[in-house]
Amino acid sequence: MTELLHPHHRNAHHVRRNFICHVLEGGFYMGGTAFLAPESVLPKMVQSLGGMPWVIAIMPVLLPAAFASMGLFIAPLVERLHRFKPWVLGFGLLQRLPYLVTGLILLLNKNPDGWLLPLVVLTPVVSGLIGGVGVVAWMEMVTRMVPEKVRAAGWSARYIMQAVLGVGAGVVIHRVLTHLPGREGYAWLHLSAFALLFLSWLAQLPMKEHPEHHLHVPPRPAPLPYGEYLRSLPALFLSQKHLTRLVLARFFGTGFLMLVSFLTIHALHVTGRPEADEGHFVTWQAVGTVLGSLLAGYVGYRSGGKMVLLASRFVCLGLCAWVFFNETFAGFAVAYFILGFGLFLDRVGDLTLAAELCPPARRSTLQAILGFCNVFSLLLSSLTAGQVYRLTESFHAVALMAACCAVISMLLLATIPEPRQARA
């Protein structure tokens with residue numbers, strides 16, 4: 001990383017500026033979403049509004065699933081682009097607006113109780129669908145702007161910044177929900193989220209698409225008619241044998257998300273603590289994120305994404321065992337620390353491994369296919385967890401299922417070679 005950002009390295013100025021902006025954009029964006037933390041705040045918010053178990057279960061995955069659902073259909077347009085930044089900025093601004101609109105409606109409308117639950121649930125869906133139009137172009141832009149050697153460090157730095165902001169978000173959540181419970185408190189959390197999301201959009205403005213970013217990209221195939229393009233996708237995907245295993249490893253690697261849908265509800269119920277105390281969970285999760293991201297950046301820089309992903313599965317097993325037996329508030333704070341640590345090992349490792357497994361010539365389309373497959377992984381695993389919780393009324397059953405899935409995911413990951421070692 002040092003040599004790539006060295007002042008005498010070719011294009012060091014653009015690489016350094018793009019790297020810094022990339023970190024700020026992600027840090028502010030994910031720091032903003034911490035005010036409505038999908039792993040802790042949203043599930044409890046939906047339960048308090050009368051949401052069914054299956055609705056609670058899908059709240060942590062609604063935003064990423066909505067993001068991934070559009071990419072496959074947008075990828076052929078993105079593959080024809082030569083400049084990605086205008087596309088990314090345009091749709092990036094639109095995707096952030098739903099949080100502003102929802103916050104203002106909740107703040108100004110004094111009697112929205114009948115449609116408060118649909119409004120809270122649909123906000124991440126609408127934001128994700130709009131963001132999904134731009135995310136394939138964003139991923140290609142970042143992959144070209146940030147050199148391979150420092151990508152894991154870039155993802156790690158973004159998550160560390162998110163965690164630092166998340167510590168502050170946890171304090172704000174606790175105070176807001178203590179003094180302004182219900183509709184008005186939720187309104188201010190949405191507006192706080194939008195403020196940081198807008199800062200993340202501004203952070204992208206200085207990024208520069210240098211012409212030399214395109215020199216190392218192989219020629220793209222001639223554009224196909226849209227119907228023929230869609231029919232070609234299965235063969236293209238199956239030609240990359242390791243991607244099929246990655247999809248399965250991702251599906252069984254959703255144990256963290258199975259747990260977090262009901263972890264806050266379980267923790268507050270067992271300990272008898274008020275809803276505002278979920279802010280403490282956000283803080284401890286953020287602390288775990290810092291350490292997990294530091295480790296992920298170091299290991300990913302030296303060894304690639306596979307080792308980081310395997311480590312995250314071991315952490316998931318440990319978390320399942322911990323929450324299975326714990327009954328104290330301090331113990332649940334530790335659980336959220338472990339969650340933040342492991343969840344961001346997973347995210348850094350997944351982003352790094354997926355980007356390096358896809359050949360550059362069709363990277364946009366293959367990333368979109370992976371994302372589309374991930375929609376079903378996220379929704380199916382979350383709905384399954386919701387059904388298990390509904391039928392058994394037992395959080396421990398969900399924890400046991402998550403542990404079994406983590407073991408299966410580890411076995412699948414063991415069959416995927418580390419791309420850097422294969423190239424070496």
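Biologist: Over which residues does pLDDT stay under 50?
Modeller: Residues 212-216. For that stretch the model has ten contacts beyond four places in sequence. pLDDT is the predictor's confidence in each residue, from 0 to 100, and contact means heavy atoms within 4.5 Å.

Biologist: What is the mean pLDDT of the protein chain?
Modeller: The mean is 82, and 91% of the residues reach 70 or more. This is a predicted model, where local features need pLDDT of at least 70, side-chain atom pairs count only at pLDDT 80 or more, and totals for chains, interfaces and linings use all residues. Residues are numbered from 1 along each chain as its sequence is written, and side-chain values use heavy atoms, with hydrogens and water left out.

Biologist: Packing next. At what angle do H10 and H15 cross?
Modeller: Roughly 160°, with the axes of H10 (residues 255-271) and H15 (residues 395-413) coming within 9 Å. That makes H10 roughly antiparallel to H15, a word used for angles over 145 degrees. Axes are lines fitted to C-alpha atoms, for helices over the stretch in contact, with angles from 0 to 180 degrees between N-to-C directions. Helices are DSSP runs (H or I, at least four residues), numbered from the N terminus.

Biologist: Which residues of H10 and H15 meet?
Modeller: Among them, Met 258, Phe 262 and His 266 in H10, and Phe 395, Ala 399 and Cys 405 in H15. The contact residues divide into ten nonpolar, three polar and no charged. Nonpolar covers Ala, Val, Leu, Ile, Met, Phe, Trp, Tyr, Cys and Pro; charged covers Asp, Glu, Lys and Arg; the others, Gly among them, are polar.

Biologist: And what does H2 meet in H10?
Modeller: Pro 43, Lys 44 and Gln 47 in H2 meet Val 260, Ser 261, Thr 264, Ile 265 and Leu 268 in H10. That contact has four nonpolar, three polar and one charged. The axes of H2 (residues 41-48) and H10 come within 8 Å and cross at roughly 65°. H2 and H10 are therefore roughly perpendicular (65 to 115 degrees).

Biologist: How do H9 and H14 sit, parallel or antiparallel?
Modeller: Roughly parallel, which is the word for angles under 35 degrees. The axes of H9 (residues 241-252) and H14 (residues 363-392) cross at roughly 30° and come within 9 Å.

Biologist: Different topic. What follows H11?
Modeller: Gly 304, with a positive phi near 100°. H11 itself (residues 278-303) has 26 residues and reaches 36 Å from its first C-alpha to its last, close to the 38 Å expected at 1.5 Å a residue. The expected span is 1.5 Å times one less than the number of residues.

How values were computed:
Helices (H or I, at least four residues) and strands (E, at least two) are DSSP runs, numbered from the N terminus.
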